Amino acid sequence: MKKLLYTFLILGIAILWSSCRKDFVTVPSSGQLEFSRDTVYLDTIFTNIGSSTYNLKVYNRSDDDINIPTIQLGEGETSKYRLNVDGIPGRVFQNIELLANDSLFIFVETTVNINDFASGDQFLYTDAIEFDNGGNQQKVELVTLVQDAVFLYPQQFDDGTIETLLLGVDDEGNETRIEGFFLEDTELNWTNDKPYVIYGYAAVGQNKTLTIDAGARVHFHANSGLIVANEGSLQVNGTTSTTEELEGEVIFEGDRLEPGFADVPGQWGTIWLTDGSTNNVINHATIKNASVGILTENNDGTSNPTLTLNNSQIHNSATVGLLARTGFVEATNTVIGSAGQASLYCNLGGTYTFTHCTFANYWTNSFRVFPTVLLDNYFDLGDGSFPLTEELNATFLNCIIDGSNGIELILDKREGDDLNYKFENCLIKFNDLQNRFTNDPLYNFNEPTIFKDNLFNLSADFKNTELNEFNIGATSGAIGVGNLATTTMFAPLDILGTTRTTAPNGKTDVGAYQNVTFDDD
């Protein structure tokens with residue numbers, strides 16, 4: 001009896017449910033769909049490297065639930081594009097239901113081999129997403145610029161392991177390695193014919209020189225970079241550019257070409273000039289979006305700089321723009337911009353000369369505690385001990401040191417080797433509101449042997465700090481501050497190749513740029 005009652009109860013619930021349910025009835029799409037865009041541009045990609053995922057939203061503005069007979073790529077299953085329609089991957093879809101006044105997402109990706117289509121270094125690959133067919137058919141175009149490149153990467157062995165570079169061995173014999181490879185002799189001249197895409201760390205071996213021609217473009221994948229080994233050299237031969245395309249500049253950046261990645265820091269590792277590398281010269285280069293722009297360690301023991309940096313820019317470094325440990329660096333007309341920690345960090349001593357350089361840190365991605373420029377003579381093990389100190393000799397001539405913090409210059413000395421420095425004719429931001437450094441002898445700004453003819457806390461009037469445009473405007477405090485003799489001897493032209501003019505007071509502008517009047521002034 002109980003079993004019979006249970007059966008009737010279940011049947012009654014089913015009947016009640018059935019009587020309350022409204023059948024889901026659709027009508028065919030009438031070709032009145034609306035779209036969030038009529039063309040999906042997937043931006044530029046390198047051949048054989050997948051794009052980012054882009055989205056398209058499809059709207060049913062009618063009061064009817066509709067059925068879209070087909071959603072497919074124009075080239076069908078042979079298309080190089082890939083779709084995902086409401087969570088289902090594919091290239092051809094049938095009978096897609098879309099409720100009244102509702103929408104669905106379509107996600108689009110592509111991977112293209114340029115050799116499948118045309119000769120040349122660039123190819124515009126197109127297709128379309130087709131909705132329905134016949135008189136009701138609607139289309140959304142798909143457009144991707146595919147660019148050929150030279151790909152350099154470590155070897156993958158039969159057992160699945162990847163070629164590595166030995167960085168060192170600790171006291172217990174444990175090796176430290178990093179994915180990478182040594183460049184072959186045929187790979188030691190990078191031209192401007194095609195971009196270079198680097199996977200892992202490309203290393204310049206002993207007694208080898210990597211030469212990079214003017215106009216070259218170098219793209220690093222995540223966790224990749226460039227290493228110059230003991231007795232190796234790097235020669236970057238950029239030249240002055242006369243167009244917005246920066247045709248003479250050598251540009252180092254990540255391999256994500258989409259606009260959304262244009263200013264994302266930390267996309268790749270660093271240009272690492274290791275202990276013993278020699279005669280590294282970088283002219284007219286832009287280094288951006290690295291973890292550390294340039295890391296230079298120690299010096300080659302000669303009377304010549306280990307790194308000479310001219311007319312170059314380092315921007316958007318996740319930690320430090322130029323990190324030099326006991327380095328020997330000379331830089332002229334160079335801009336080191338925003339970084340998560342310091343723009344310039346001269347650590348554990350070294351010898352440095354910066355002439356007509358601009359150091360400006362307007363980092364906005366996180367809270368920054370480091371100053372724009374930090375100089376010290378020791379190495380901190382992180383446990384409160386400082387077992388290593390080295391003498392530091394640093395000279396700043398006709399420079400700008402600026403940023404978004406109140407104090408943008410820190411000098412830090414531990415007992416041991418000397419901390420020698422000199423700032424002449426510089427514009428320095430040092431707004432010590434708490435008087436923390438008033439009695440610190442390292443900051444005796446009235447001592448002419450170390451601080452001579454400097455100005456403090458005046459506006460640099462940069463063009464646009466958010467865009468790393470550190471040109472100075474007509475109201476800049478950097479105008480007419482510089483020593484004319486220094487300018488004449490070392491930098492008669494600014495970073496753009498503009499002749500530096502003499503102000504009425506007989507002095508010149510400081511920093512990497514000659515002042516200009518901005519369009520909105």
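Start by selecting Asn189, which stands opposite Thr211 in E18. The model on screen is a predicted one. Asn189 belongs to a pairing between strand E15 (residues 189–190) and E18, which run in the parallel sense over two bridges.

**Strand E18**

Now colour the residues of E18, 209–212, one by one. Which residues make up the covered face of strand E18, and which the uncovered one? Leu210 and Ile212 are on the covered face, while Thr209 and Thr211 are on the uncovered face. In a regular strand the side chains alternate between the two faces of the sheet.

Next, select residues 164–169, strand E13, and residues 175–182, strand E14. The two strands run antiparallel and are joined by five bridges. Then move to the turn of the hairpin, where five residues lie between the strands. Gly173 takes a positive phi there, near 85 degrees.

Go on to strand E2 (34–35) and strand E7 (88–90), the edge strands of a sheet, each of which pairs on one side only. The sheet is open, has five strands in the order E2-E4-E9-E6-E7, and is paired antiparallel. At the E7 end, select strand E6 (residues 81–85), which pairs with E7 over three bridges in the antiparallel sense. Within this pair, Leu83 stands opposite Gly90 in E7.

**Ser312**

Select Ser312, in the loop between strand E27 (307–310) and E28. Is Ser312 buried or exposed? Ser312 counts as buried because its relative accessibility is 1%, and the cut-off for buried is under 20%.

Show what surrounds Ser312. Leaving aside neighbours within four places in sequence, Ser312 is in contact with Ile282, Asn283, His284, Ala285, Asn333, Thr334, Val335 and Ile495. Then draw a distance from Ser312 to Leu496: these residues are 184 apart along the chain, and their C-alpha atoms are separated by 9.8 Å.

**The largest pocket**

How much space lies in the largest pocket? The value is about 1,200 Å³. To find the pocket, select Glu244, Leu246, Ile251, Thr286 and Lys288, which are the closest to its centre of the 41 lining residues. Several strands give two or more residues to the lining, including strand E3 (39–46), strand E19 (217–220) and strand E25 (285–288). The largest share, three residues, comes from E22. Colour the lining by residue type and it divides into 12 nonpolar, 18 polar and 11 charged residues.

**The whole chain**

Finally, zoom out and switch to a cartoon view. The secondary structure comes to two helices and 44 strands. The C-alpha trace spans about 105 × 60 × 55 Å along its principal axes. The radius of gyration of the chain is 30 Å, whereas a compact globule of 521 residues would have one near 24 Å. Of the 521 residues, 47% count as buried. Of the contacts between residues at least 6 apart in sequence, 65% join residues at least 24 apart.

Methods: Residues numbered from 1 in each chain as written. Predicted model: local features only at pLDDT ≥ 70, side-chain atom pairs only at ≥ 80, totals over all residues. Heavy atoms only, no water. 1 Å grid on protein atoms, 1.4 Å probe; cavity = no way out; pocket = protein on both sides within 12 Å on 5 of 7 lines; lining within 4 Å. Points joined across faces, edges and corners; volume = space filled by probe spheres on them. Helix = DSSP H or I, 4+ residues; strand = E, 2+ residues; numbered from the N terminus. Nonpolar A, V, L, I, M, F, W, Y, C, P; charged D, E, K, R; others polar. Pairing = 2+ DSSP bridges. Rg over C-alpha atoms; globule rule 2.2 N^0.38 Å. Buried < 20%, exposed > 50% of the residue type's maximum accessible area, 1.4 Å probe, protein only. Contact = heavy atoms within 4.5 Å.
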